[in-house]
Structure formats: C-alpha cells, structure tokens
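Subject: Structure for you to look at

Dear colleague,

I am passing on the structure we spoke about, and below it I have set down what came out of going through it. Please read the notes with the structure open beside them.

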Amino acid sequence: MAELMELMAQTNISSSENLLAHKYHEHDDMEIYKNIKDKITEFTDESSMDREAFNEFSYNSDDFYNEALSSIKGIDKHVMECSNNKRITKPMSPATKIVLVKTDEGHSTTISEPSIMLAEFKKKYKNGNKSILADYDGTLAELEKKPDMAIPTSRVLSLLKKHPEIIICTGRSCEKVDEWFPMEVECYAEHGAMHRKDGIWDDIKAIDKQQEDFKTTVLDIMNYYRKRTPNSSVEEKSCGAAFHYRQCGNIDKIIQLMYCELSKLGAIMGFMVSAGKKVVEVKLGSKGKIVDKINPGVVAGDDLTDEDMFEHSRNITIKVGKDDTKADYYLQNTGEMITLLEELMDSSNSE
Ligand SMILES: O=P(O)(O)OC[C@H]1O[C@H](O[C@H]2O[C@H](CO)[C@@H](O)[C@H](O)[C@H]2O)[C@H](O)[C@@H](O)[C@@H]1O
C-alpha cells in the first residue's frame with residue numbers, strides 16, 4: 001500500500017484526484033497507468049485486465065464481449081474467488097414456506113413443501129424478541145425499473161409509523177431515507193454504514209478523506225462503464241455507490257469486468273463490493289454487523305446483502321422469494337411480507 005501511495009505521490013495529480021481514477025480520463029498517461037496496474041496485480045496476486053485492448057472495442061460490437069474477455073486472463077477464476085471470499089457457514093438451502101391463507105382443510109396438508117401455518121408462526125414470534133429488522137427494496141417494496149420509482153406505499157408507511165419495533169435496514173442512501181421515511185421510523189441506511197434514530201443520523205463509519213477519495217475513484221469507474229452501456233445508471237450515496245443495469249439486457253460479462261476491477265481496488269482501498277439484483281454496489285456497511293449489534297427477533301430480506309443478515313441472526317429469518325437461502329422461512333412476494341408484518345403487529349398489540 002505504501003508503495004502504491006508513493007507511486008501516486010510521484011505524479012502531478014492532486015491528492016483528491018486519485019491516480020487510478022485519472023486513468024479513466026481522456027488524457028491518460030499510459031506509462032503511469034501501467035505502473036499502477038502492475039502494482040495492483042502485485043497486491044491482488046492476480047493478472048490484471050488489459051485496459052488498452054479493452055478500450056479498442058465498442059460496446060455495440062457483436063464481438064465485444066468475447067474479445068474483451070479473451071484479453072483478460074483468469075477473469076472467471078477471479079470472479080469465482082470474489083464470490084468465494086464471502087464467509088459461508090450456514091448452508092444455502094430451501095426455506096420453509098409461511099402459509100398466510102387458510103387452505104381448504106384449514107392446515108397445510110395440501111402443500112407439498114415444508115410449511116408452517118400463520119397461527120403457529122405467530123406463537124413463535126410472540127415467544128421471542130419483538131424487534132424486526134426489515135430490508136426495504138424487494139422486501140417491503142416491489143422492484144421497479146428505476147430506483148426512484150420504488151416509493152413506499154401508504155400501507156407500508158402507516159405500518160412503520162404505528163410500529164416502532166420495525167426497523168428498516170436498507171442499501172439506500174441517507175438522502176433517500178430522509179425523503180421516503182418519516183423521521184419517527186428508525187433506519188439503517190447504506191447497508192448499515194449509517195443509522196437514523198429520532199430523526200438524527202449517526203455516522204457509524206465516519207467518512208474521512210480517504211473515503212472521499214475512494215468514492216471519486218469508484219464513481220469514475222462506474223461512470224466509465226455507464227457511458228458505454230446504454231440505459232445503465234449510477235446512484236451516488238454518502239459513502240458508497242451503485243451501478244444499476246436492470247434495463248440493459250444481458251450484460252453479465254461487462255458486469256464481471258467491472259466487479260473484478262472494483263474488487264481489486266476495494267482490496268487496496270478498504271471498501272466492499274457486492275452484487276445484488278441487477279446492481280453492483282460499493283459499500284462500507286455490513287448488514288450482518290447490525291444484526292450482531294441489535295439481535296432482532298425477526299430479520300426479513302430478499303437479496304444477497306440480506307443473506308449476510310440471515311447468516312448472523314440468532315432468531316427468526318424470512319426471505320421474500322423461493323430461491324435457496326440461509327433464511328429459515330420464505331414468503332412469495334412483498335405483499336405477503338407486508339401482510340405478515342401487519343398480522344404480527346396486530347397479534348402482539350392484542351395481548
Ligand atoms: O437493501 P435494500 O433496501 O434491498 O436496497 C438494495 C438496493 O436497492 C435499490 O436497487 C434495487 O431496487 C430498485 C428499485 O426497485 C431496482 O430498480 C434495482 O434494480 C434494484 O437493485 C437501490 O437503488 C440501491 O441503492 C439499494 O442498495
């Protein structure tokens with residue numbers, strides 16, 4: 001790291017203008033870039049991508065993906081290593097379905113998969129810790145084409161306002177949380193890097209100069225890809241950023257490239273990279289750590305970052321969606337999740 005900093009210091013680039021970011025500007029100094037690239041390769045012990053070859057191809061070219069990939073040795077291996085870095089202790093397996101509606105027989109006999117009836121589930125909740133840590137996108141709100149479209153419904157807002165035991169734990173920015181959720185709702189934002197209680201934010205991961213530098217670099221890289229990928233977008237947060245590609249068709253290879261590039265930088269600069277639903281995110285927070293800290297009675301989520309919460313939970317875990325998960329239970333969609341929360345709140349209030 002010291003060597004890399006020294007190399008950066010040898011240039012005329014000011015400290016706020018990171019060298020790696022500079023590479024993405026028009027007037028690149030290829031020699032400097034090569035030195036930096038070699039350093040990154042050395043740090044990550046893995047062959048780096050050939051950016052010059054990469055640049056020769058247009059995103060509109062049919063050959064682009066294959067050619068660009070063939071110029072990058074070991075990319076698949078690296079992507080696998082990136083995913084293997086995740087701590088895996090609980091296995092990913094099918095979860096038990098929570099049955100919200102009565103079947104004809106009044107119980108689960110017509111359901112072929114493992115299931116638990118609502119009444120039984122409510123008892124389980126009543127006997128434990130009442131706090132609920134809920135993810136937002138994909139859990140309390142349907143996924144939408146564009147991030148700004150997923151505005152909370154009045155049903156969700158009224159649930160949250162009435163029941164302070166429900167705490168939001170989202171990847172959204174503090175700004176978006178302030179815009180969408182009333183001040184009385186307790187929220188963890190930016191994947192647990194920021195916390196708002198009684199309308200006041202406390203910065204769990206204090207933002208310092210180095211983090212500002214990493215954000216500039218990350219935004220440069222994401223914008224590099226955005227400019228070349230029609231319909232993609234970049235979402236800036238206080239201490240992170242997200243590259244969205246929901247409306248881009250199949251660009252998995254491009255995403256792999258960007259993921260690898262960001263991961264290498266993350267290893268040096270100290271940020272995390274995660275892949276979610278049609279999004280690549282750079283973050284400082286960890287939802288798992290929030291679960292360790294507050295030990296909620298129920299954790300609810302739908303995405304990969306939520307698997308981190310399920311992994312850390314000692315209590316009830318529920319996933320929206322039927323894919324293999326570390327959660328114990330699952331519900332089919334966000335509508336079912338909201339209904340379950342309403343039912344749980346009603347029954348605990350009627351005690
Ligand atoms: O932790 P979450 O509350 O689940 O937030 C995760 C990310 O969600 C948002 O992106 C996702 O939802 C969008 C709106 O439905 C959708 O267009 C996008 O494809 C999804 O990835 C949000 O924009 C990110 O900032 C959150 O980190």
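How many salt bridges does the rule find across the interface of domain 1 and domain 2? The rule finds one, and it joins Lys-277 to Asp-302, with the closest N and O atoms 2.7 Å apart. Please keep in mind throughout that this is a predicted model.

To place that pair in its setting, the domain assignment divides the chain into domain 1, made up of 2–74 and 206–283, and domain 2, made up of 96–205 and 286–349. Between them, 18 residues of domain 1 are in contact with 20 residues of domain 2, and the area buried between the two domains is about 1,500 Å², with carbon and sulfur atoms giving 53% of that area. On the side of domain 1 that touches domain 2, at least two residues each are supplied by strand 8 (233–237), strand 9 (240–244), strand 10 (272–276) and strand 11 (279–283). Sorted by class, that side of domain 1 has seven charged, seven polar and four nonpolar residues.

Turning to the whole structure, the search finds 15 salt bridges, one of which is formed by the side chains of Arg-172 and Asp-137, at 2.7 Å from N to O. This pair links distant parts of the chain, since Arg-172 lies in the loop between strand 4 (166–169) and helix 9, whereas Asp-137 lies in the loop between strand 3 and helix 8, 35 residues apart.

The search of the whole structure also finds six aromatic pairs, including a tilted one between Tyr-136 and Trp-180, whose centres are 5.9 Å apart and whose planes are 55 degrees from each other. Because Tyr-136 lies in the loop between strand 3 (132–134) and helix 8 (154–162), while Trp-180 belongs to helix 9 (residues 174–180), this pair ties together parts that are 44 residues apart in sequence.

Conventions. Residues are numbered from 1 along each chain as its sequence is written. This is a predicted model: local features need pLDDT of at least 70, side-chain atom pairs count only at pLDDT 80 or more; totals for chains, interfaces and linings use all residues. Side-chain values use heavy atoms; hydrogens and water are left out. Domain bounds come from an automatic or database domain assignment. Contact means heavy atoms within 4.5 Å. Buried area is the accessible area (1.4 Å probe) that two parts lose on being put together, summed over both. A salt bridge is a side-chain nitrogen of Lys or Arg within 4 Å of a carboxyl oxygen of Asp or Glu. Helices (H or I, at least four residues) and strands (E, at least two) are DSSP runs, numbered from the N terminus. Ala, Val, Leu, Ile, Met, Phe, Trp, Tyr, Cys and Pro count as nonpolar, Asp, Glu, Lys and Arg as charged, and the others, Gly among them, as polar. Rings of Phe, Tyr and Trp (its six-membered ring) pair if their centres lie within 6.5 Å; planes under 30 degrees apart count as stacked, over 60 as edge-to-face and the rest as tilted.
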